[in-house]
Amino acid sequence: MDREIEGLPTGQYLWEKKGIIPFIKCDKGLAAEANGVQLMKPIPNLDDLLKKSVAKNMFGTKMRSVIKSANQEGIQAIVDQQFNIGKQIIAAGLCPIIEPEVDIKSPDKEDIEDILKA
């Protein structure tokens with residue numbers, strides 16, 4: 001995001017020259033597993049990052065958390081965290097990709113997806 005390509009800011013170059021919508025990864029990794037999920041670690045200075053992203057012609061953000069088992073409390077915590085941060089991203093003028101990832105190897109995958117849909 002901080003570099004230029006062919007004299008253009010990266011976000012502008014990606015969109016205008018390559019037709020790629022520019023996103024940034026805003027999460028800082030995953031916390032240890034609790035209640036069958038891995039929430040995102042805290043994101044210090046998120047507001048500053050979002051302001052900078054808007055100024056650098058980014059379109060949106062992506063963030064990731066992981067659901068490993070069909071634990072209602074854990075899944076609700078992930079949904080709450082993703083949407084709360086997503087609202088902050090929208091307020092800054094960017095488009096969030098809300099991505100509570102379901103572990104593809106989870107034996108509870110179908111149950112997890114049912115809980116998410118409810």
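Where does N45 lie? Read on to point 4; first, some ground rules.

1. This is a predicted model, with local features needing pLDDT of at least 70 and side-chain atom pairs counted only at pLDDT 80 or more, while totals for chains, interfaces and linings use all residues. Residues are numbered from 1 along each chain as its sequence is written, and side-chain values use heavy atoms, with hydrogens and water left out.

2. On the overall layout, the chain has four helices and eight strands, taken as DSSP runs numbered from the N terminus (helices H or I, at least four residues; strands E, at least two). Starting at the N terminus, the order is β-β-α-β-β-α-β-β-α-β-β-α. The C-alpha trace spans about 50 × 25 × 25 Å along its principal axes.

3. Now the helix packing. Helix α2 (residues 46–55) packs on helix α3 (residues 72–91) at about 40 degrees, the axes being 10 Å apart. That angle makes α2 oblique to α3; the label covers whatever is left once under 35 degrees is called roughly parallel, over 145 roughly antiparallel and 65 to 115 roughly perpendicular. α3 in turn packs against helix α4 (residues 109–117) at about 55 degrees, with 11 Å between the axes, so α3 is oblique to α4. The crossing of α2 and α3 is right-handed, and that of α3 and α4 is right-handed too.

4. Two asparagines deserve a look at their backbone. N45 sits in the loop between β4 (37–38) and α2, and has a positive phi of about 60 degrees although it is not a glycine. N45 is exposed, at 56% relative accessible area. N57, in the loop between α2 and β5 (60–62), also shows a positive phi, about 65 degrees, without being a glycine. N57 counts as partly exposed, at 38%.

5. Finally, the surface: W15, I21, F23, F59 and I97 make a nonpolar patch of about 480 Å². Patch members have over 30% relative accessible area and no salt bridge, with nonpolar side chains (Val, Leu, Ile, Met, Phe, Trp, Tyr) joined within 5 Å and like charges within 9 Å. I97 belongs to strand β7 (residues 95–97) and is partly exposed, with a relative accessible area of 35%.

Key:
Areas by Shrake-Rupley, 256 points an atom, 1.4 Å probe, with all protein chains shown as cover. Salt bridge = Lys/Arg side-chain N within 4 Å of Asp/Glu carboxyl O. Buried < 20%, exposed > 50% of the residue type's maximum accessible area, 1.4 Å probe, protein only. Axes fitted to C-alpha atoms, helices over the stretch in contact; angles between N-to-C directions. Left-handed = near helix turned anticlockwise from the far one by under 90°.
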